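Visitor: I'm new to reading protein structures. Could you walk me through a few features?

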Amino acid sequence: MPDSITHHIPAAPRPAAARPDSAARADSIARADSAAAASTLRKGIMIVDSPSRTEAARRQGTDTVQSVIISSLIVLFCVVGLRCKSNSRYLKGLLREMTEVRERNNMFDDTVRESAFLLLLNALSAGSLGVLLFRTLSGPCGMVFPAPWIAMTVCIGCTSAYTLVMPALYRGFGSIFTSGQLSAQWVRGFVAGMGLLSLVAFPCALLAEFSPEASTAALVIAAICFMAVKIPFICRAFRIFMTESSSWVLILYYLCTLEIVPLIITFVAACGLCASFS
């Protein structure tokens, strides 16, 4: 027998080399899936982000217009404040205009400066009441406006129309039922009251605009001040028209026609126009 026996151990089988065509095909499929997923992700991001950007741009434009309106009122208030330095006594005279019924020898004894100052006060009052009316519609009334700046502009237009039309109505009513001089004084009382109202309505409008949590309190204060201005004016009308017992019918006619109906028309017009522009 041979001295050593050589054992032949079979070699382990070598792994078969991967076929190049299968590897390339798997790699291309993986790349295609990754590209498709990335494309889908990009499309999803564009679809979700596009409306938000449009809404943000629309909101920014709305805030800009509303800021311009409020800034205009602030500038007007500053002009009134500068003019008030030389017309401080004139403000006290406006208080008398609201309550006193007296004969004048000259109905045009106001200077041009005082008349311009009264015009500025009434313009500030109309703008401030418009902002407060807008906050009333969007707050307690629960109206929703896609374009709030349009609704605010409409409300300011309605209150401005009320401020401009009412003196003409008072003058026409007074010229029919009383003398021309008393009628002019009556109109003067309305203009004076609206001018003084601006000194309270403007801060309330700013409070309602910039502090939503305090807007209800601002609206209540403005409404109380509006009634505080109206009550002396109505009492003055009583003193002008109460000349005989039958004047009670005239007073009731006056209250319905010139005090209640115009306010209702202004409010309804603002609601209707704001709803139509929404």
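Visitor: Which residue forms a salt bridge with Glu97?

Guide: First, the general idea: side chains of opposite charge can pair when their charged atoms come close. Keep in mind that this is a predicted model. Here, Glu97 pairs up with Arg188, and the closest N and O atoms are 3.8 Å apart. The pair links distant parts of the chain, with Glu97 sitting in helix H2 (residues 88-99) and Arg188 in helix H5 (residues 180-210), 91 residues apart.

Visitor: How many salt bridges does the count come to?

Guide: The count comes to three salt bridges.

Visitor: Okay, now helices. At what angle do the axes of H4 and H7 cross?

Guide: For helix H4 (residues 148-177) and helix H7 (residues 247-277), the axes cross at roughly 160° and come within 10 Å. Angles over 145 degrees count as roughly antiparallel, and H4 and H7 are therefore roughly antiparallel to each other. Their crossing is right-handed.

Visitor: What kinds of residues make up the contact of H4 with H7?

Guide: The contact of H4 with H7 has 22 nonpolar residues, two polar and one charged.

Visitor: And H4 with H6: roughly parallel or roughly antiparallel?

Guide: H4 and helix H6 (residues 215-241) pack at about 15°, and their axes are 12 Å apart. That makes H4 roughly parallel to H6. The crossing of H4 and H6 is right-handed.

Visitor: Last one: which residues form a nonpolar patch on the surface?

Guide: Look for Ile260, Val261, Ile264, Ile265, Phe267 and Val268, which together have about 520 Å² of accessible area.

Technical notes. Residues numbered from 1 in each chain as written. Predicted model: local features only at pLDDT ≥ 70, side-chain atom pairs only at ≥ 80, totals over all residues. Heavy atoms only, no water. Axes fitted to C-alpha atoms, helices over the stretch in contact; angles between N-to-C directions. Helix = DSSP H or I, 4+ residues; strand = E, 2+ residues; numbered from the N terminus. Parallel < 35°, antiparallel > 145°, perpendicular 65-115°, else oblique. Left-handed = near helix turned anticlockwise from the far one by under 90°. Nonpolar A, V, L, I, M, F, W, Y, C, P; charged D, E, K, R; others polar. Patch = residues over 30% accessible without salt bridge, like charges linked within 9 Å, V, L, I, M, F, W, Y side chains within 5 Å. Areas by Shrake-Rupley, 256 points an atom, 1.4 Å probe, with all protein chains shown as cover. Salt bridge = Lys/Arg side-chain N within 4 Å of Asp/Glu carboxyl O.
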